[in-house]
Amino acid sequence: MSLQTSSNTSFDLFLIGDTGDISISKPDPVLEMLNAHFDPNQASSVIFLGDNIYPRGLPPVGNILRKNAENTLIRHHEALKNYPGKVVFIAGNHDWNKGRKNGKEYIERQDEYLEGLFGEKVLLPEGGCPGPTSFTLNDNIAVVAIDTQWWMQRDLSFNGSACADGLTSEEEFFDRLVQLLDANKRKHLLVIGHHPVYSYAIHGGRFKLKHHIFPLTLFDQDAWIPLPGIGSLLPLYRRFLGAREDMAHPPYRRLRHKLKEILSNYSNLIYAAGHEHNLQYIRKNRNHFIVSGSGSKVKYVVQSGKYLQFGEKSKGFFKLHFAIDGTVYLSAWALDTSGVLSMGKLIYEEQII
């Protein structure tokens, strides 16, 4: 059962993404760490930031990947079945059949399956629609959910969309986003979408020197095969042209441009995403950008960035603490590989508002 509180109590919000590769044969250590943070006396909520099932979402019954996909969602539910706070999932590119044809059917199946597990709608926006859709966590915290995969998916179009919200163009989507943000601008505002607006990792076109000399380490950390010169082609391609899930790819670039334009009009807005398999906190234009995509996988994040306040390659998640006096604290928690600390290790903490 979801618990909503008034603004005269503090509130904790857990942000964790890309949990689709959690252990399905035994309790998952990251979800167990998350569970250790739940306090029955503290109002809270958990948001899963997409890529809830690897490698290709929830396929139809009879597919060879179906059983493992079901078990992944079941593990999520088992970790949260006694949790009294609000649970929300958003979709990522892997949930959309990894961007392949019929991805919307995969999202619709996941939406229905999660509803069966949790007894209520928890995947937002519902039914594979782009949103935007909003909900409140308490009287002073509002969240706007969007499905950013609508810009990356090959077989989707706003024109003639069958979604219940009746959007017919990108322009209408962004107009509605502005309307929702304006309606809640006196509250703490959080926008959630799977794809980051800013990133200092692979999808943001950020690479280390070793990736130009040993480019295959982008895919396998042990593939130390030197390809000097020609090895730079892949990093340069990912930075300036981009694969479909990279910020440089034209549809993604168009989405980012519009989001940056809109979000910059609001002070102290928080945008939270997954997609990159690391933990990042970026501060720019009076706003706060969180990347929390290391729920089950990890990949590098560069440490040199003008707006990067924190970056870490560790399995874990971020927590936002909304205090009664209106201040907001951000903390990052990483898995304690020694197994001693059930709540994990606190690796970053800052008052951001």
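**Helix packing, cavities and backbone geometry**

Helix H4 and helix H7 cross in a right-handed manner. The model is predicted. H4 spans residues 170–183 and H7 spans residues 250–263. Their axes come within 11 Å. The crossing angle is roughly 30°. Angles under 35 degrees count as roughly parallel, so H4 and H7 are roughly parallel to each other.

The side of H4 in this contact consists of Glu 170, Phe 174, Leu 177, Val 178 and Leu 181. These residues meet Arg 254, Leu 255, Lys 258, Leu 259, Ile 262 and Leu 263 in H7. Sorted by class, the contact of H4 with H7 holds eight nonpolar residues and three charged ones.

Two packed helices are described by the angle between their axes and the distance between the axes. For helix H2 (residues 66–80) and helix H3 (residues 103–118), the angle is about 40° and the axes lie 10 Å apart. H2 is therefore oblique to H3. The crossing of H2 and H3 is right-handed.

H2 brings seven named residues to its contact with H3: Arg 66, Glu 70, Leu 73, Ile 74, His 76, His 77 and Leu 80. From H3 come Arg 109, Gln 110, Tyr 113, Leu 114, Leu 117 and Phe 118. By class, the contact of H2 with H3 has seven nonpolar, three polar and three charged residues.

Empty space inside the model was considered next. Rolling a probe the size of a water molecule over the atoms shows where empty space is left. The count comes to two cavities of 30 Å³ or more. The second largest cavity has a volume of about 30 Å³. Its lining is formed by Tyr 198, Lys 260, Leu 263, Ser 264, Lys 284, Asn 285, Asn 287 and Phe 289. H7 and strand S9 (287–292) are the elements that each give two or more residues to this lining. The lining of the second largest cavity divides into three nonpolar, three polar and two charged residues.

Most residues other than glycine have a negative phi, and most peptide bonds are trans. Two cis peptide bonds can be described here. One joins Leu 124 and Pro 125, with omega about -15°. The other runs from Gly 131 to Pro 132, with omega near -5°. Pro 125 lies in the loop between H3 and strand S4 (133–138). Pro 132 is also placed in the loop between H3 and S4.

Asn 102 shows a positive phi, near 65°, although this residue is not glycine. Asn 102 is found in the loop between strand S3 (86–89) and H3.

Conventions: Residues are numbered from 1 along each chain as its sequence is written. This is a predicted model: local features need pLDDT of at least 70, side-chain atom pairs count only at pLDDT 80 or more; totals for chains, interfaces and linings use all residues. Side-chain values use heavy atoms; hydrogens and water are left out. Axes are lines fitted to C-alpha atoms, for helices over the stretch in contact, and angles run from 0 to 180 degrees between N-to-C directions. Helices (H or I, at least four residues) and strands (E, at least two) are DSSP runs, numbered from the N terminus. Angles under 35 degrees count as roughly parallel, over 145 as roughly antiparallel, 65 to 115 as roughly perpendicular and the rest as oblique. A crossing is left-handed if the near helix is turned anticlockwise from the far one by less than a right angle, and right-handed if clockwise. Contact means heavy atoms within 4.5 Å. Ala, Val, Leu, Ile, Met, Phe, Trp, Tyr, Cys and Pro count as nonpolar, Asp, Glu, Lys and Arg as charged, and the others, Gly among them, as polar. On a 1 Å grid over the protein atoms alone, a cavity is a set of points where a 1.4 Å probe fits but cannot get out, and a pocket is an open set with protein on both sides within 12 Å along at least five of seven lines; lining residues have an atom within 4 Å of a point. Grid points are joined across faces, edges and corners, and a volume is the space filled by probe spheres set on the points.
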